[in-house]
Amino acid sequence: MAVQKKLINVEDSVCDYFPEYFSGKNMYKRIKIKHLLTLSSGIYWRFGIHGSQPLWGRIQESNNWLEEISNLPIVFTPGTKFYYKEIDVYILEQILQRVTNMSIESFIAKELYDPLGIYCDKIDLSYGINGSNVENISALTAQEMLKIGELVLNMGGVEGQQIL
C-alpha cells in the first residue's frame, strides 16, 4: 500500500529514512526496503524465545532501539539469505510511521482494515520493542482472515474497490 501510494520505494535504503542511525555504516547502506520485506536484511539475529534472548532484552530496554539495532553487525549480504527476525519488521514499521506520520495501527486500519470492514480492538502494544508490537495487529478472527485471503485472491480488490 505504501509503495502503491509512492510513500516508499522498495529500492530505497534504510539510510534514506533514518540517516541519523544508519548512514555512517556502510553495510547498512546496502539494506533496502525490499530486504526488510523479504526478511533478508542480513542483520545479525539469533532465534530464541524472546525472554531468553540477550539481544532482545538489550534492544527492548534501550531508550533508542533504532540506534541499538544500528549497532548490530551485518552477517550476510542483504538480499542473499532469508532469515526470520523481528528486527526487519520493526525497522519497516518505523519507516512506515515516519513516511505516513501515523502509527502503524492507524495506517493499517485506514488503508486495509476499514475498507474490508475489519475492526480490530484486540491490539496489545505492551509487548515488543518500546511498546511496538506490529505482530498483534494481526490478532484477527477466522472471518477477518478470510477477508484478507479474498482480497489476495481478488488481486487486491474487494467489492469493486482496489485496495492493494
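In this predicted model, helices α8 and α9 are roughly perpendicular to each other, because their axes cross at roughly 105° and angles of 65 to 115 degrees are counted in that class. The two axes come within 10 Å, with α9 covering residues 142-153. Where these helices meet, Leu112, Tyr113 and Leu116 belong to α8, while Lys147, Ile148 and Leu151 belong to α9.

**Overall composition**

The chain contains 9 helices and 2 strands, and the order along the sequence is α-α-α-α-α-α-α-α-α-β-β. Of its 164 residues, 44% count as buried, and the chain exposes about 8900 Å², of which carbon and sulfur atoms supply 54%. Among the contacts with a separation of 6 or more, 65% are between residues 24 or more positions apart.

In soluble globular proteins, nonpolar side chains tend to be buried together. Here the largest nonpolar core has 40 residues, and the residues with the most contacts inside it are Phe22, Ile43, Ile91 and Ile95. Helices that each supply at least two residues of this core include α1 (14-17), α2 (19-22), α4 (33-37) and α5 (54-61), and α6 (65-70), α7 (86-100) and α8 (104-116) likewise each supply at least two.

Phe22 deserves a separate description. Leaving aside its neighbours within four places in sequence, Phe22 is in contact with Val14, Cys15, Tyr28, Leu66, Ser70 and Ile91. Phe22 counts as buried because its relative accessibility is 0%, where the cut-off is under 20%; by the cut-off of under 20%, Tyr28 also counts as buried, because its relative accessibility is 3%.

**Aromatic pairs**

A pair of aromatic rings is described by the distance of the centres and the angle of the planes. The structure holds 3 aromatic pairs, and two of them are set out below.

| Pair | Arrangement | Centre to centre | Angle between planes |
|---|---|---|---|
| Phe22 and Tyr28 | stacked | 5.0 Å | 20° |
| Trp65 and Tyr90 | edge-to-face | 6.0 Å | 75° |

Trp65 lies in helix α6 and Tyr90 in helix α7, so this pair ties together parts that are 25 residues apart in sequence. Both Trp65 and Tyr90 are buried.

Methods
Residues numbered from 1 in each chain as written. Predicted model: local features only at pLDDT ≥ 70, side-chain atom pairs only at ≥ 80, totals over all residues. Heavy atoms only, no water. Core = buried A, V, L, I, M, F, W, Y, C linked by side-chain atoms within 4.5 Å. Buried < 20%, exposed > 50% of the residue type's maximum accessible area, 1.4 Å probe, protein only. Helix = DSSP H or I, 4+ residues; strand = E, 2+ residues; numbered from the N terminus. Contact = heavy atoms within 4.5 Å. Areas by Shrake-Rupley, 256 points an atom, 1.4 Å probe, with all protein chains shown as cover. Phe/Tyr/Trp six-rings, centres within 6.5 Å; stacked < 30°, edge-to-face > 60°. Axes fitted to C-alpha atoms, helices over the stretch in contact; angles between N-to-C directions. Parallel < 35°, antiparallel > 145°, perpendicular 65-115°, else oblique.
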